[in-house]
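Please look at the ligand and its surroundings first, and then turn to the sheet. The report below follows that order.

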Amino acid sequence: MLNLMFIAICMVIASMGISLLFKMQRLKELEKRADALNASLEEMDEQAKLIIRTDIELNKTQEELDKKITGLSTLQQLSREISTTLEEKQIFKKIGKFYLEELGFEKSSALLWDNLTREFHLYLSIGYSESESLRIKDAVNTDKDYYLDLMHGGKTASSVFIPEGFLDKDKICQLFQANEFIICPITPKEGNQGFIFVGTQNIETRITEGEREIITILANQIGQSLDNARLFEKTWRSQQELEIKVEERTRQLTETMEELKKISKRKSDFISSVSHELRTPLTSIKGYAAILLAGKLGAIPDEIKERLAKINRHSDELVHMVNDLLDISRIESGKVNMHVETLELAPIVEKVADLLSEQFKAKNITFNMLIPEDCKKIMVDRSQIERVFINLIGNALKFTPENGSISVGVHCSNKTIQVDVKDTGFGIPQEAQEKIFEEFYRVDNTINQGVKGTGLGLTLVKHIIEAHRGNIWVTSKLGEGATFSFTLNCTE
Ligand code: ADP
């Protein structure tokens, strides 16, 4: 019985042991699972932390980005305003409180270095009273070497980064009454340079890389605008100087013109009155010579007759000269009334050729006239234009040797007619061609010594042509003849 009980107890103990073993095993398994769970829980916790951290980062970046976008758009507006300003002081006035606050700052100063006075001058002061601005200016000038170094080195100082050798952060913060700041050099290519300070008292603000970039761009823009303004100022000033010079020159020229007009009028008046005075005695001389020649005061010997004929001839020449002089001065002073009418050109030329026919015959010179159908009419004063042809064809006759030829050719275009009087004579040397239209000018050569003349004919011709609003010129080669060309208005 005892044995049975012992066996039974043993079996119970054994079964309990087995079940304990099983339970222990299960417990181990459970522990393992719990460990695994713990591990994954920790992992999840880490991940959750990472997510939160990333979210914070993202928010910050988003904020940064928003700030940057606002800053950039403000900068764009501001740049547009600044770049259209052409006055130095106005450029700084455009950086108003509004733009500054949009950029996240409420305090700003800009100072430019003046090489002449050797000090910084204040150009911009926002967020400071007058006395504070003055204090800033004085303090900057006391520490000018530091600011000049910063400026010349093109370095930017900020509350985040102070370049080596520059003033310390606290000093700047104290002077400009700011917790965070940026100081950026303004470096135009020409003229005075300087720097701009922007700052804020907000203790939560931290200067970012983006803000530093924006203020650098702004400082560059100010520099460029200063260059533009200075260039404009320079151009404007030189234009003003030029205008003053032009005005002065115009005034001088007008005065000279007036003076010349007066002199010319005096000369014309003088010639006119002298010519008049000369005409009366000349007529008497001619008259007496004619009476004597006619033998009305008794017979005269042939020798005296010859002398009298000479007096008569020379008197004629003198009368001719006096008349030419009178005409020139009359035309010059506008005293001649032109009776301009539409006339046929050919009959005028024919009449003159007819008048001079004896001389043509005497030298066996041929005369040709070529007037095309469509250039037949001219608008002229008949008697004046006759004098033009008499002088030009007369000269051609004088300066063309025997057996030569003279021609009058015409061509027209666009309401203008051009007449060419051409000869096969001695021609005119180049240097004399510009002078032959001057009063009393005669080419100084052996040919002219044998040809009579006064040097007034071409002057008169030029005056007549110009009174008709035409031009006259000569083309010639020595020994190859000369061509006198002039223009006139025509109707066809
Ligand atoms: P004048 O014939 O009375 O000397 P003009 O004024 O008519 O005065 O001419 C000025 C000068 O121009 C002449 O002296 C002459 O030297 C030169 N000249 C004018 N016409 C001709 C010509 N057809 N050929 C050569 N020389 C000429």
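How far is an oxygen atom of the ligand from a polar backbone atom of Gly455? The distance is 3.2 Å, which falls under the definition of a polar contact, a pair of N or O atoms within 3.5 Å. This is a predicted model, in which local features need pLDDT of at least 70 and side-chain atom pairs count only at pLDDT 80 or more, while totals for chains, interfaces and linings use all residues. Residues are numbered from 1 along each chain as its sequence is written, and side-chain values use heavy atoms, with hydrogens and water left out.

| Residue | Backbone atom | Distance to a ligand oxygen atom |
|---|---|---|
| Val443 | N or O | 3.2 Å |
| Gly455 | polar | 3.2 Å |
| Leu458 | N or O | 2.8 Å |

Taken alone, the ligand exposes 520 Å², and the protein buries 97% of that; such accessible areas come from the Shrake-Rupley method with a 1.4 Å probe.

There are 19 residues around the ligand, and those that come nearest are Asn395, Asp423, Arg442, Asn448 and Leu458, where a residue is near if one of its heavy atoms lies within 4 Å of the molecule. This shell divides into 9 nonpolar, 7 polar and 3 charged residues, with Gly counted among the polar ones. Both α11 (382–398) and α14 (457–467) supply at least two residues of the shell, and the largest share, 3 residues, comes from α11. Helices (H or I, at least four residues) and strands (E, at least two) are DSSP runs, numbered from the N terminus.

The sheet is another part of the model. Strands of a sheet pair through backbone hydrogen bonds, either parallel or antiparallel. Here an open sheet of 5 strands runs in the order β2-β1-β5-β4-β3, with antiparallel pairing. Its edge strands, β2 (119–126) and β3 (157–158), each pair on one side only, and two strands count as paired if DSSP finds at least two bridges between them. Strand β1 (residues 107–114) pairs with β2 in the antiparallel sense over 7 bridges, and the bridge partner of Ser108 in β2 is Ile126.

How values were computed:
Polar contact = N/O pair within 3.5 Å; in protein donor to acceptor, adjacent residues only side chain to side chain.
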